[in-house]
Amino acid sequence: MTRLRPAAKNCLGTTKDRIAMSMQGKVVVITGSNTGIGLETAVGVASQGATTVLACRNPAKAEAAKQEVVRRTWNDDVHVVVLDLADLASVRKAGDEILSRWDRLDVLVNNAGGTWSQRHVTVQGFEYTMGVSHFGHFSLTRQLLGRLLASAPARLIAVTSVGHRFAAKGMRFDDLQSEEGYQAMEVYCRAKLANVLFVRELARRFDPRALTANAVHPGWVRSRFGMDGDLSGVNGLGIRLMRPFQISPRRGARTSVFLATSPDVAGQSGKYWVRSKPRRPGRQAEDEAAALRLWDDSERLLAGAGFPVDPVGA
Ligand SMILES: NC(=O)c1ccc[n+]([C@@H]2O[C@H](COP(=O)([O-])OP(=O)(O)OC[C@H]3O[C@@H](n4cnc5c(N)ncnc54)[C@H](OP(=O)(O)O)[C@@H]3O)[C@@H](O)[C@H]2O)c1
């Protein structure tokens with residue numbers, strides 16, 4: 001049951017009851033929401049009354065995050081689903097659980113991601129950065145598409161990065177698994193380009209009155225991103241030196257929360273948003289042929305790994 005504190009201050013910085021209640025009856029799933037931008041996105045939507053589902057890989061961290069969201073929002077309609085995007089079996093299990101526990105899905109926020117110094121692979125052998133950021137989310141989204149469409153008007157939000165602009169060689173379809181020379185930042189930028197291209201292709205395939213798909217750059221955010229020893233060397237040092245100049249996770253979540261909740265963006269699809277405003281993405285992200293190829297190649301690679309996607313919108 002939703003228990004809302006009358007003047008709960010939400011992520012948009014408002015205290016009005018009208019806004020606090022605007023997501024009641026809606027189900028929002030957020031990946032990687034135990035910390036950082038994802039956690040603050042969960043607080044933002046929960047404070048507006050949404051049934052909030054934290055889809056996270058670590059059950060203990062997810063449970064702690066759930067307690068925090070409930071404590072900060074007074075909304076106890078907050079739930080955990082275990083989701084490891086680096087294991088397609090876990091993705092499928094999480095998708096099944098979401099489909100069985102909730103009969104609607106209004107907003108899916110594909111937020112989880114990261115960057116790793118050393119090349120390593122997911123359970124099914126995909127390069128990890130692309131495996132988590134793109135292939136895991138592609139698989140989850142495709143499994144949940146039918147439920148999103150049945151809950152129309154539904155919204156998909158992909159947390160990308162301005163870094164997608166620096167994927168200088170585009171998607172490099174000849175080496176999607178980064179086997180030929182792994183450079184953490186280059187691979188990260190490519191994974192973030194994949195997020196924007198996926199959104200673009202979803203927007204092309206689906207009527208925005210049924211499903212909108214948008215990508216977000218959250219800003220430079222003082223989260224756990226690149227910490228925890230994930231990133232070493234010059235890149236790791238750079239991220240640490242930047243920390244005093246970064247914005248808080250709460251501010252970093254604003255555009256995701258805005259896209260998840262605002263009536264002003266109804267029907268807007270296929271866009272790239274920064275500070276709650278649409279912006280032109282990088283040139284590579286406007287490549288329709290690349291968006292289509294990524295869709296097709298992703299389907300083929302997932303099928304090859306033994307996890308074919310649901311044919312909705314194929
Ligand atoms: N921070 C920035 O400046 C910045 C800038 C641009 C874009 N972004 C994007 O913003 C998104 C959120 O990042 P953040 O800054 O909030 O970083 P964060 O604090 O490191 O949070 C990342 C989240 O992703 C989760 N995650 C990582 N691998 C996963 C997996 N295999 N399965 C499921 N979840 C997984 C993490 O879970 P654990 O806690 O279990 O590791 C964590 O919940 C990312 O997509 C990132 O690329 C961040």
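Reader: Where does Gly36 lie, and what makes a helix here?
Author: Gly36 lies in helix α2. Helices are DSSP runs of H or I with at least four residues, strands are runs of E with at least two, and both are numbered from the N terminus. This is a predicted model, in which local features need pLDDT of at least 70, side-chain atom pairs count only at pLDDT 80 or more, and totals for chains, interfaces and linings use all residues. Residues are numbered from 1 along each chain as its sequence is written.

Reader: Why is Gly36 called buried?
Author: A residue is buried if 20 or more other C-beta atoms lie within 10 Å of its own, exposed if 12 or fewer, and partly exposed in between, with C-beta atoms placed from the backbone. Gly36 has 24 C-beta neighbours inside 10 Å, so Gly36 counts as buried.

Reader: What is Gly36 in contact with, beyond four places in sequence?
Author: Contact means that the C-beta atoms of two residues, placed from the backbone, lie within 7 Å. On that basis Gly36 is in contact with Val221, Ser223, Arg224, Phe225 and Pro249. The C-alpha atoms of Gly36 and Phe225 are separated by 8.0 Å, although the two are 189 residues apart along the chain.

Reader: Which residues are closest to the ligand?
Author: Gly32, Gly36, Gly113, Ser223 and Arg224 are the closest of the 29 residues that surround the ligand. A residue is near a molecule or strand if its C-beta atom, placed from the backbone, lies within 6 Å of it. Helix α2 (residues 36-46) gives the most to this shell, with 3 residues.

Reader: How do you know that the protein chain is as compact as a globular protein of its length?
Author: The chain has 10 helices and 8 strands. Its radius of gyration is 18 Å, close to the 20 Å that the globule rule gives for 314 residues, so the chain is as compact as a globular protein of that length. The radius is taken over C-alpha atoms, and the rule is 2.2 Å times the number of residues to the power 0.38.

Reader: Where is the kink in α5 centred?
Author: The kink, of about 50 degrees, is centred on Leu144. The bend at a residue is the angle between axes fitted to the seven residues ending there and the seven starting there. As for cover, 20 of the 23 residues of α5 are buried.

Reader: What is the phi of Arg172, and why is Arg172 called partly exposed?
Author: Arg172 has a positive phi of about 45 degrees although it is not a glycine. Most residues other than glycine have a negative phi. Arg172 has 16 other C-beta atoms within 10 Å, so Arg172 is partly exposed.
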